[in-house]
Amino acid sequence: MRGRPRKTIVNATGNTDNILSTIVQAKHGHWVDDGVHFYDYLINQPKPGHINIPYIRDIPAVQAQMAHYSKDHVLELSRKHRKALSNVDGFITMTDMFAEKIKEFYGLDVPYRKFRNYPSWRENRHSKVREIVYIDNSGSLPLGFKEHLFFLHKITINSKIPTVFVSKKFHDFAKGMVRDYHLKVRTLPMRKYKYNSKFGILMDTRGFGQCEEAMPRKLLIYLMCEMGVLVDSPWKESINYMNSVNLNPLVYENSSVLASKLSKFKFGSWRGRYFSMENRIPDLKEALISLKEEVR
């Protein structure tokens, strides 16, 4: 049982919902309330005398290894973040499978709760365009672009439905690849995309080792924008999540299967606002309260 510092909010501005949302979405700020300290574990450190509950969205050492960084660099990241987590009382992450990987990788024996990295609500009332979009949120390296773009090209050829590759930071790179390989894929920078595609896709074109346990933010964007979701079969936790909220994704194994299923598939209907941060933030508050009561 920890001490109970006075109720306060630190290193952030705005109301509680905004502070909690910013920590999850942007890794910025930290929040203290009734002895609980909530923060992103890559940006802030545990606070002595508090119940420390970090948000864990990724494991940098694993990502560095996949990007073929040096062994020394990977080991240094592992040591650094293992040390940062040595004094936590619990954590919050996206899926059960990823939580178990976190516990195994960092040697943690603490409880956890789930909360997804939901997007902020955006009005999306314009009519849908019959196209398939892939939204790339890469922040450091354009990994897997060639495989993704070639797969989208195959989908266009097989299904006759246009495909769009939207990138936050690497649009020029993707555009150059489409030009060089004569691919039938449209590319757009994120700032010009209108979020009005009829379908959104999750791909596993490189045997991505983490897709089974992952909950990518692009999936939640697709759902918030009420797009039909096309998902490669290895994305198990993402498929489980959609099933748990009574959604019907089109699960495929290759581009030919996807094309043959898509013409007759019924996705159903849902309220996109449900998948916005503004509507789901009470879940995060409940998770923090639940963890606090468990570890006290």
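# Questions on a predicted model

Student: Is Cys211 buried or exposed?
Tutor: This is a predicted model, in which local features need pLDDT of at least 70 and side-chain atom pairs count only at pLDDT 80 or more, while totals for chains, interfaces and linings use all residues. Residues are numbered from 1 along each chain as its sequence is written, and side-chain values use heavy atoms, with hydrogens and water left out. A residue is called buried under 20% relative accessible area, exposed over 50% and partly exposed in between, with a 1.4 Å probe and protein chains only. Because the relative accessibility of Cys211 is 3%, this residue counts as buried.

Student: How many disulfides does the count give?
Tutor: Cys225, at 1% relative accessibility, is another buried cysteine. A disulfide is a covalent bond between the sulfur atoms of two cysteines, and the rule applied here asks for a pair of cysteine sulfur atoms within 2.5 Å. By that rule, the number of disulfides is 0.

Student: Which residues of helix H1 are buried?
Tutor: Helices (H or I, at least four residues) and strands (E, at least two) are DSSP runs, numbered from the N terminus, and H1 covers residues 16-26. Its buried residues are covered by parts that include strands E1 (30-33), E2 (36-40) and E3 (51-55) together with helix H10, where covering is a matter of contact, that is, heavy atoms within 4.5 Å. The buried residues of H1 themselves are Ile19, Leu20, Ser21, Ile23 and Val24.

Student: Which residue takes a positive phi just after H1?
Tutor: At the other end, where H1 starts, a side-chain oxygen of Asn15 comes to within 3.2 Å of the backbone nitrogen of Asp17. Just after the helix, a positive phi of about 65° is found at Lys27.

Student: How far apart in space are Leu42 and Lys27, C-alpha to C-alpha?
Tutor: Leu42 belongs to the loop between E2 and E3, and it counts as partly exposed because its relative accessibility is 24%. Leaving aside neighbours within four places in sequence, Leu42 is in contact with Lys27, Asp58, Pro60 and His81. Although Leu42 and Lys27 are 15 residues apart in sequence, their C-alpha atoms are separated in space by 8.0 Å.

Student: Which residues are linked with Asp34 in a network of salt bridges?
Tutor: The structure has 14 salt bridges by this rule, and one of them joins the side chains of Glu293 and Lys292 at 3.9 Å, N to O. Glu293 is exposed because its relative accessible area is 51%, whereas Lys292 counts as buried because its relative accessibility is 11%. In the network, Asp34 is linked with Lys292, Glu293 and Arg296.

Student: How many residues apart in sequence are the parts that Phe199 and Phe267 tie together?
Tutor: The whole structure holds 16 aromatic pairs, meaning rings of Phe, Tyr and Trp (its six-membered ring) with centres within 6.5 Å, where planes under 30 degrees apart are stacked, over 60 edge-to-face and the rest tilted. Phe199 and Phe267 make a tilted pair, 5.8 Å centre to centre with 45° between the planes. Phe199 lies in strand E9 (residues 197-202) and Phe267 in the loop between helix H9 (255-262) and H10, so the separation in sequence of the parts tied together is 68 residues.

Student: What angle lies between the planes of Tyr241 and Phe275?
Tutor: Both Tyr241 and Phe275 are buried. Their rings form an edge-to-face pair, 6.4 Å centre to centre, and the angle between the planes is 75°.

Student: The charged end of which residue sits over the ring of Tyr195?
Tutor: A charge sits over a ring if NZ of Lys or CZ of Arg is within 6 Å of the ring centre and within 35 degrees of the ring normal. One such case is Lys146 over the ring of Phe150, 5.9 Å from its centre. Over the ring of Tyr195, 3.8 Å from its centre, sits the charged end of Arg122.

Technical notes: Polar contact = N/O pair within 3.5 Å; in protein donor to acceptor, adjacent residues only side chain to side chain. Salt bridge = Lys/Arg side-chain N within 4 Å of Asp/Glu carboxyl O.
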